[in-house]
2 protein chains.
Amino acid sequence: MLKEAALKEAWQRKYPEGVWLAVTMTQRGTPNAIPLGWDMPVSGKPPLCAIAVGKTRFSHECLKANPEFVLAIPSENQHAEMLYCGSHSGRDEEKFPACGFATAPSTKVRPPLLLGCCANLECKVVAAYDGGDHTIFMGEILASHADSDAPGRLYTLGGNRYGGVREVVKTQKG
Amino acid sequence: MLKEAALKEAWQRKYPEGVWLAVTMTQRGTPNAIPLGWDMPVSGKPPLCAIAVGKTRFSHECLKANPEFVLAIPSENQHAEMLYCGSHSGRDEEKFPACGFATAPSTKVRPPLLLGCCANLECKVVAAYDGGDHTIFMGEILASHADSDAPGRLYTLGGNRYGGVREVVKTQKG
């Protein structure tokens, strides 16, 4: 039997960990955004990424109804916007423009880009895999946008703390 | 058509990003370890995590033959060990003990724990999902171990640079 306290302690050692936002379309035809810590690149050719979304989350409904998302890397200056999106549910309210993120139209999908982020990836869901209490939505990246004016990305520092990080280089090869 | 240069620029904005190691068993009955950047927690109940492993990689063969792995979070002092594991293939040589990681027996799986890491998660593969040029191996976490004496985790800083990071707290809630 797995010791839950031990697992919690192990996961705590992940921090600081880069965070993401998934922007989806609600069935009302409006955008919604949730902070995500559980996501990864999956493939180079074709370009794929995966996000794990809780089955009870409003964004899960959105992705099932409208299988597209924008995966955004928020900047360290967007911590307040991130907290807003993480502490309000799109079931109860429209998060835009209240959350503070400004948007721009995407080129290939309906969910919009988030301005001021380090990067935005436009994705179409090509598979949904069962993952316990989450679903793994795999997205094919149809278009991408980087903002070279944005500062470094935002990290979760554990608990409800968000921040940036500064590098301490240890090894450089090649 | 996705612009590859634009996607590369977008992925560059991920760094610094926490890195992991997957320890597997070769068909020779020896341990092997590869650095991983593509992995995520997937589920709380049951406790699941996922790793994306290139289909041509030696570790892919190992996982197909012996569907167990230890997911380790290396510490910022283990950059040299990490570089060794990333620049040598288990197809050609035994990485242990040459890589410099010391090991200890796991409690539930055959691949060993890596000493000095921030944490080790013992996993059994419960699903393998297609992911383009990678396979997503989903592991159920059977046991976990955290080392409170280990310093902060190791990050890839982009290219072949590895290092630690220091937090810059921006938001604290609750």
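Two strands count as paired if DSSP finds at least two bridges between them. In this predicted model, six strands form an open sheet with antiparallel pairing, in the order S1(A)-S11(A)-S12(A)-S12(B)-S11(B)-S1(B). Strand S1 (17–18) of chain A and strand S1 (17–18) of chain B stand at the edges with a single partner strand each, so one side of each has no neighbour in the sheet.

**Pairing within chain A**
- S1(A) pairs with strand S11 (residues 155–156) of chain A in the antiparallel sense, over two bridges.
- Glu17(A) stands opposite Thr156(A), which belongs to S11(A).

**Helices on the sheet**
- Helix H3 (residues 79–87) of chain A lies across strand S12 (162–171) of chain A and strand S12 (162–171) of chain B, and runs at about 75° to S12(B).
- Helix H3 (residues 79–87) of chain B packs on the sheet and touches S12 of both chain A and chain B, its direction making about 75° with that of S12(A).

**Relation of the two chains**
- Chain B is superposed on chain A by a rotation of 180° with 0.0 Å of shift along the axis, at an RMSD of 0.0 Å.
- This is the relation of a two-fold axis.
- The same surface serves both copies, since 100% of the contact residues of chain B recur in chain A.

**Leu142(B)**
- Leu142(B) is found in strand S10 (residues 134–146) of chain B.
- Leu142(B) is partly exposed, because 17 other C-beta atoms lie within 10 Å, whereas a buried residue has 20 or more.
- Beyond its neighbours within four places in sequence, Leu142(B) is in contact with residues including Leu2(A), Lys108(B) and Glu122(B).
- Leu142(B) and Val70(B) are 72 residues apart in sequence and 10.0 Å apart in space, C-alpha to C-alpha.

Conventions
Residues numbered from 1 in each chain as written. Chains lettered and ligands numbered in written order. Predicted model: local features only at pLDDT ≥ 70, side-chain atom pairs only at ≥ 80, totals over all residues. Helix = DSSP H or I, 4+ residues; strand = E, 2+ residues; numbered from the N terminus. Contact = placed C-beta atoms within 7 Å. Axes fitted to C-alpha atoms, helices over the stretch in contact; angles between N-to-C directions. Least-squares fit on C-alpha atoms with pLDDT ≥ 70 in both. Buried ≥ 20, exposed ≤ 12 C-beta atoms within 10 Å, placed from the backbone.
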